Every structure is written in C-alpha cells, then in structure tokens.
Amino acid sequence: MMNRFEGPGGREARIRYLDGDFQVTSPGAFVRCAVTGENIALDELKYWSVARQEPYVSAAASLQREIESNPDLRKRS
C-alpha cells in the first residue's frame, strides 16, 4: 500500500512563496517545515515566510522561527 508521499508524486516540491499565495517551481507532493522538518502536503500548506522563503507546519512553528530570527521580540511585554 502506498501512502501519499510515495510514487511519482511523492517527492518534495520546490516553491516560490508569495504574499498570500505560492508558486510551484518544481512539482512534488509536499514541502518540509523549516522548523520541525515535518512533511507538509501542498494542499495543507498555510504558513510560510516570503522574506525567508520557507514553509511552516503551523502558526506556532512560524512564530518560533520569527522569534529565532528576531530575538528582540522576546523582550516585548
């Protein structure tokens, strides 16, 4: 039995992340979260950074990367 990441469409896609959308530059079924390394099916991709051109599995992962990239955010009250 094949899962959705196997077979001809089971490779990692290459994506150009845009404001509110993304463009597939190399076909595939998924991308990897830049923080956790988890696979994200393209139809489930909701979070990414245009500036860093990287995807995130969740809003929490996106926030984690933002704080890592901007340590001053931790100091806000």
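Which residues form one aromatic cluster? Tyr-17, Phe-22 and Trp-48 do. The legends below start with the whole chain and return to this cluster.

The model is predicted: local features need pLDDT of at least 70, side-chain atom pairs count only at pLDDT 80 or more, and totals for chains, interfaces and linings use all residues. Residues are numbered from 1 along each chain as its sequence is written, and side-chain values use heavy atoms, with hydrogens and water left out.

**View 1. The protein has 6 strands and 1 helix.** From the N terminus, the order is β-β-β-β-β-β-α. Helices (H or I, at least four residues) and strands (E, at least two) are DSSP runs, numbered from the N terminus. The accessible surface comes to about 5,400 Å² (Shrake-Rupley method, 1.4 Å probe; for residues, only the protein chains shown count as cover). Carbon and sulfur atoms hold 48% of that surface. Of the 77 residues, 25% are buried. Buried means under 20% relative accessible area, exposed over 50%, and partly exposed in between (1.4 Å probe, protein chains only).

**View 2. The largest nonpolar core has 11 residues.** Its members are Ala-13, Ile-15, Tyr-17, Val-31, Cys-33, Ile-40, Leu-42, Leu-45, Trp-48, Tyr-56 and Ala-61. Such a core is a set of buried Ala, Val, Leu, Ile, Met, Phe, Trp, Tyr and Cys residues joined through side-chain atoms within 4.5 Å.

**View 3. Leu-42 touches residues including Ala-13, Ile-15 and Val-31.** Across the protein, among contacts between residues at least 6 apart in sequence, 26% join residues at least 24 apart.

**View 4. The aromatic pairs number 2.** Rings of Phe, Tyr and Trp (its six-membered ring) pair if their centres lie within 6.5 Å; planes under 30 degrees apart count as stacked, over 60 as edge-to-face and the rest as tilted. The Tyr-17 and Trp-48 rings have centres 6.0 Å apart and planes at 35°, so this pair is tilted. Tyr-17 lies in strand S1 (residues 14-18) and Trp-48 in strand S5, 31 residues apart. Both Tyr-17 and Trp-48 are buried. Phe-22 and Trp-48 pair edge-to-face, at 5.4 Å centre to centre and 85° between the planes. Phe-22 sits in strand S2 (residues 21-26), 26 residues from Trp-48.

**View 5. Gln-53 has a positive phi, near 55°.** Gln-53 is a residue other than glycine. It lies in the loop between strand S5 (47-49) and strand S6 (54-56). Gln-53 counts as partly exposed because its relative accessibility is 35%.

Conventions. Contact means heavy atoms within 4.5 Å. Lists of a residue's contacts leave out its neighbours within four places in sequence.
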